[in-house]
Amino acid sequence: MGLKKWIAVNHLRSCPECQSELDKLRIATALVHEVIQDDEPVTSDSIWDDVRLRIAGERIAESTRRPKARRPRFHNWVPALIGITALFILFLVGERMGPIENQSMNNEITSNIPVVEHVDKPGVTVMTFKTDDPKVTIVWFFEEENES
Amino acid sequence: MEFRALSNPELTNRDDATLIRHCRSGDMLAFEILVKRYEHRVMAVAYRIVGDRQDARDVAQEVFIRVYRYLNQFRNERKFFTWLYRIIVNASFDFLKKEQRFQAVPLDELSADLTPATEIDSADEKMFKQQLLLWLNTLSLSQKTAFTLHEIDGFKCKEIAEIMDIPNSTVRSHLRHARLRLKTLIEKHYPEYLEGRNRDLSSN
């Protein structure tokens, strides 16, 4: 017996009001129980025939259901084609525009080693990365922390 | 699930697990036996929830259609009874939702409409029983379902929680509210029924 139940059982022994309340709850439940059981529907008609007919109907409906019309699948590759075309156009534009040059940066090093260069504006540091592609340069700006 | 006929009269006395295995392999006779074995109980449970005999019959049909559809998904034959009850409760709730018949009546509204017990013959047991059934139908659907599953079908709280797909604590709460409400109504309008039984208990 759990602690709560033990406490409750012990209390009931010494409290007639609570015991009476519990008895009424039990009696009310028992009364409803009897009434529900008396009221249960009594029928000798089986529902099997109705169930069987419904199952047969479902099976017929399933077998006669038209297969879903195949939608043309071209729409699956259209977005991919658009993406590829966009990349191609960007590449062509890059070819025609030539290398990107920044006037404020001097002494641009053409090696692949990243170099930190200071631009004219004090407190701003620039790192320039030159890549294998002469037309592509990565420029990274960040501010130096003021030391005080 | 495809059915094929099997003329095996021994199936009638087989347990649920055997019938389910036969159903899954396509035996329509096994499914028929399963339906006939449980149809009255299914109708009784559905009737307690939906409150009408013809509606209960319709719900019972729906229950077995769902059993047919989903039997292949049922994995544990030992709990077929609980699984069946879950389908009954869900089908009954779906039916009432479709008919828009969910409504619990607040206790104070209900009491105001009742004729005081002193004006009717309180010894009229038939009237009392009819009144009790009316009061039972004023419980919330969940309270009524939990109460009848516990008191009539003998399910434990844990099983009811599984059937109704609600926490155990909610089941206990429903039972508590249902018992208290019914006791309050009987005590107010037919106190002699409680006292009479109480005297019997005391004398025993």
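With which residue does Glu187(B) form a salt bridge? Its partner is Lys183(B), and the closest N and O atoms of the pair are 3.2 Å apart, where a salt bridge is a side-chain nitrogen of Lys or Arg within 4 Å of a carboxyl oxygen of Asp or Glu. This is a predicted model, in which local features need pLDDT of at least 70 and side-chain atom pairs count only at pLDDT 80 or more, whereas totals for chains, interfaces and linings use all residues. Residues are numbered from 1 along each chain as its sequence is written, chains are lettered from A and ligands numbered from 1 in the order in which they are written, and side-chain values use heavy atoms, with hydrogens and water left out.

**The network around Lys183(B)**

- Glu187(B) and Lys183(B) are four residues apart in helix 9 of chain B, so about one helical turn separates them; helices (H or I, at least four residues) and strands (E, at least two) are DSSP runs, numbered from the N terminus.
- Salt bridges with shared partners join Glu21(A), Lys24(A), Lys183(B) and Glu187(B) into one network.
- Glu21(A) also forms a salt bridge with Lys183(B), with the closest N and O atoms 2.1 Å apart.
- Because Glu21(A) lies in helix 2 (residues 16-39) of chain A and Lys183(B) in helix 9 (residues 168-189) of chain B, this pair joins two chains.
- Lys183(B) is buried at 4% relative accessibility, while Glu21(A) is partly exposed at 32% and Glu187(B) is partly exposed at 27%; buried means under 20% relative accessible area, exposed over 50%, and partly exposed in between, with a 1.4 Å probe and protein chains only.

**A salt bridge within chain B**

- Asp165(B) forms a salt bridge with Arg86(B), the closest N and O atoms being 3.4 Å apart.
- Asp165(B) lies in the loop between helix 8 (157-164) and helix 9 of chain B, and Arg86(B) in helix 4 (residues 80-99) of chain B, so the pair ties together parts that are 79 residues apart in sequence.
- Asp165(B) is exposed, at 57% relative accessible area, whereas Arg86(B) is partly exposed at 31%.

- Over all chains, the structure holds 14 salt bridges.
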